[in-house]
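Dear colleague,

Please find the structure we spoke about below, together with its sequence. I would be glad if you could look at it alongside the notes that come after.

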Amino acid sequence: MAAKVDQDTCIGCGACVGACPTGAIALNDEGKAQVDADTCIDCGACVGVCPVGAVTLD
Ligand code: SF4
């Protein structure tokens with residue numbers, strides 16, 4: 001499991017990048033959040049801070 005970002009919904013605000021305790025999220029070349037599944041620990045911190053609900057755990 002890992003957090004997933006809906007690329008169409010993400011507005012690239014970076015809130016999740018700052019919230020992630022393991023540094024698993026970065027903004028990609030298109031300015032959208034991208035999760036490194038190997039680094040993600042499924043804590044859900046990013047889900048709570050995203051202002052547009054783009055992040056989910058599955
Ligand atoms: Fe995108 Fe949400 Fe992360 Fe902001 S918090 S960069 S809108 S996924």
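The notes below go from the overall fold to the ligand and then to the cysteines.

Please keep in mind that this is a predicted model, in which local features need pLDDT of at least 70 and side-chain atom pairs count only at pLDDT 80 or more, while totals for chains, interfaces and linings use all residues. Residues are numbered from 1 along each chain as its sequence is written, and side-chain values use heavy atoms, with hydrogens and water left out.

The protein chain has two helices and four strands, taken as DSSP runs (H or I of at least four residues for helices, E of at least two for strands), and along the sequence they follow the pattern β-α-β-β-α-β. Along its principal axes, the C-alpha trace spans about 25 × 20 × 20 Å. Buried residues (under 20% relative accessible area, with a 1.4 Å probe and protein chains only) make up 24% of the 58 residues.

Around the ligand there are 14 residues (a heavy atom within 4 Å), of which Cys 10, Cys 13, Gly 14, Cys 16 and Cys 50 come nearest.

As for the cysteines, the structure holds zero disulfides, a disulfide being a pair of cysteine sulfur atoms within 2.5 Å. Cys 43 is in no disulfide, and its nearest cysteine sulfur, that of Cys 20, is 6.0 Å away.

Notes: Buried < 20%, exposed > 50% of the residue type's maximum accessible area, 1.4 Å probe, protein only.
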